[in-house]
Amino acid sequence: MHARSGRTVRDLRRENRTAVLRRLYFDGPMSRLTLGPATGLSSGSVSNVVAELVAEGLVEEAGSVDSAGGRPRTLVRITPGSGFMIGVDIGETRIRIELFDLALTELARTERPLASSGPRTARYDVDLVVAHLREGIAEVLRAAEVPAERLLGVGIGVPGIVARTPEDGAVVHGQTVGWNAVPLERLLREHVELPASVPYWIDNGAKTLGQAEMWFGAGRGARSAVVVLFGSGVGACVVTDAMGPGRALEWGHLTVRVRGRRCRCGALGCLEAYAGAEALLERWREAGGRPPEGADEETALTAMLAAAYPAGTGTAPDATALAVLEETAEYLGAGFADLINLFQPERILVGGWAGLQLGTRFLETVTGYAREYALRYPASRTGIGLGTLGPEAVTVGAALLPLVDFFAQGGRRPEAEPTPPSPAWQTALRDRVSS
């Protein structure tokens with residue numbers, strides 16, 4: 001049966017369920033009476049949808065509130081344990097895997113360190129990464145005693161550009177880590193012991209970071225923002241009305257110095273060749289600095305910052321480390337100015353393990369350079385700050401990918417390979433969070 005608009009009755013029911021689930025997720029618990037005006041549905045439609053969702057275990061009663069002169073109103077909310085998502089961050093120093101319930105409460109986590117020495121291509125050996133994911137996914141499910149059949153999906157943030165093909169699903173082009181058209185989704189389906197019905201959602205790690213910060217972190221309330229990710233490399237996600245839920249940018253490979261330093265992508269003068277943690281430590285070493293022997297990048301960067309900014313120790317700053325960091329601040333400021341001039345965002349937010357370390361030390365200096373290099377008018381309207389979700393933000397954003405699809409399907413598990421929810425739906429959800 002088709003409605004006059006061309007949508008089927010099934011489409012209308014799914015949209016009604018989506019509207020109720022979306023409101024309950026961000027505004028719940030709510031009564032049936034308040035759900036009506038909040039969703040634009042009639043009281044009869046709300047009652048029918050809530051009854052369906054309660055019967056399926058997706059919604060549960062959550063107490064009551066007094067009403068003016070009438071019977072108390074029963075509140076309902078989404079049942080946290082009615083579904084689970086896994087979020088994965090394939091980072092530069094480790095792979096982090098976390099299991100969440102529908103309320104995004106972390107139930108279990110595991111981390112798999114990646115080699116801190118040797119060729120980068122060996123560190124990111126595809127077979128090794130797939131083995132880490134196979135073991136880690138099984139570990140978090142076992143730790144939380146969650147059957148794999150109850151997973152809504154696995155979201156994965158990866159380094160590089162993600163494309164899709166009919167044969168392989170998500171294919172990753174990660175030039176800086178030696179991944180040339182890696183059919184990651186197909187490899188996971190072949191090697192990870194999950195039911196075929198469990199979908200994989202694979203996207204750029206900067207984009208998953210941006211989605212998390214926009215929905216639950218420092219980006220809430222902003223209509224447009226650029227969320228930048230600093231780790232060994234540099235990336236960004238831009239969110240504007242025109243771009244919908246967000247788009248990953250290879251911002252780290254913007255040329256900031258013609259015929260400059262060789263970047264790990266192979267080009268000369270990329271921002272990443274000056275501001276990524278790996279390059280930053282190399283520049284310190286080349287200038288005569290002494291990073292800790294055998295330390296991983298996170299430990300070495302911490303040591304560099306402590307040497308340059310020895311607050312409260314009575315020790316003089318390491319002039320070499322300080323000079324390299326001050327030069328880096330100017331490069332970053334110029335890179336931020338490009339983002340301001342190109343996208344005119346309300347906010348630029350800094351995240352990633354290296355970004356959070358660097359930002360606490362010299363974000364004010366970077367901001368000064370950004371305002372110096374950018375056009376005055378858009379610069380005056382752009383706030384620059386740190387993300388608030390910490391280094392786990394990529395996994396949170398990755399876990400949101402299957403959750404978004406689950407809600408878009410009206411709370412029904414996919415029976416076949418999913419198609420990405422429309423940008424309009426995700427934008428509507430972001431608008432709801434922002435309001």
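Leu-33 is exposed, with a relative accessible area of 53% (exposed means over 50%, buried under 20% and partly exposed in between, using a 1.4 Å probe and protein chains only). This is a predicted model, where local features need pLDDT of at least 70 and side-chain atom pairs count only at pLDDT 80 or more, while totals for chains, interfaces and linings use all residues. Residues are numbered from 1 along each chain as its sequence is written, and side-chain values use heavy atoms, with hydrogens and water left out.

**Around Leu-33**
- Leu-33 sits in helix H2 (residues 32-39); helices (H or I, at least four residues) and strands (E, at least two) are DSSP runs numbered from the N terminus.
- Between the C-alpha atoms of Leu-33 and Ser-232 there are 51 Å, and the two are 199 residues apart along the chain.

**The three-stranded sheet**
- Three strands form an open sheet in the order S1-S3-S2, with antiparallel pairing (two strands pair if DSSP finds at least two bridges between them).
- Strand S1 (30-31) and strand S2 (59-65) are at the edges with a single partner strand each, so one side of each has no neighbour in the sheet.
- S1 and strand S3 (residues 73-78) run antiparallel and are joined by two bridges, and Ser-31 stands opposite Leu-75 in S3.
- Helix H1 (residues 9-27) packs on the sheet and touches S1, S2 and S3, its direction making about 95 degrees with that of S3.

**The nonpolar cores**
- A nonpolar core here is a set of buried Ala, Val, Leu, Ile, Met, Phe, Trp, Tyr and Cys residues joined through side-chain atoms within 4.5 Å.
- The largest one has 46 residues, and those with the most contacts inside it include Trp-251, Met-304, Leu-325 and Phe-336.
- Elements supplying at least two residues each include strand S12 (225-230), helix H10 (297-308) and helix H11 (319-343), and H11 gives the most, with ten residues.
- Beyond its neighbours within four places in sequence, Leu-325 is in contact with residues including Leu-280, Tyr-309 and Phe-362 (contact means heavy atoms within 4.5 Å).
- Another core, of 36 residues, lies apart from this one, with Leu-99 and Tyr-124 among them.

**H10 against H11**
- H10 and H11 pack at an angle of about 105 degrees, with axes 8 Å apart (axes are lines fitted to C-alpha atoms, for helices over the stretch in contact, and angles run from 0 to 180 degrees between N-to-C directions).
- That makes H10 roughly perpendicular to H11, a label for angles of 65 to 115 degrees.
- Met-304, Leu-305, Ala-307 and Ala-308 in H10 meet Ala-321, Leu-322, Val-324 and Leu-325 in H11.

Key
Angles under 35 degrees count as roughly parallel, over 145 as roughly antiparallel, 65 to 115 as roughly perpendicular and the rest as oblique.
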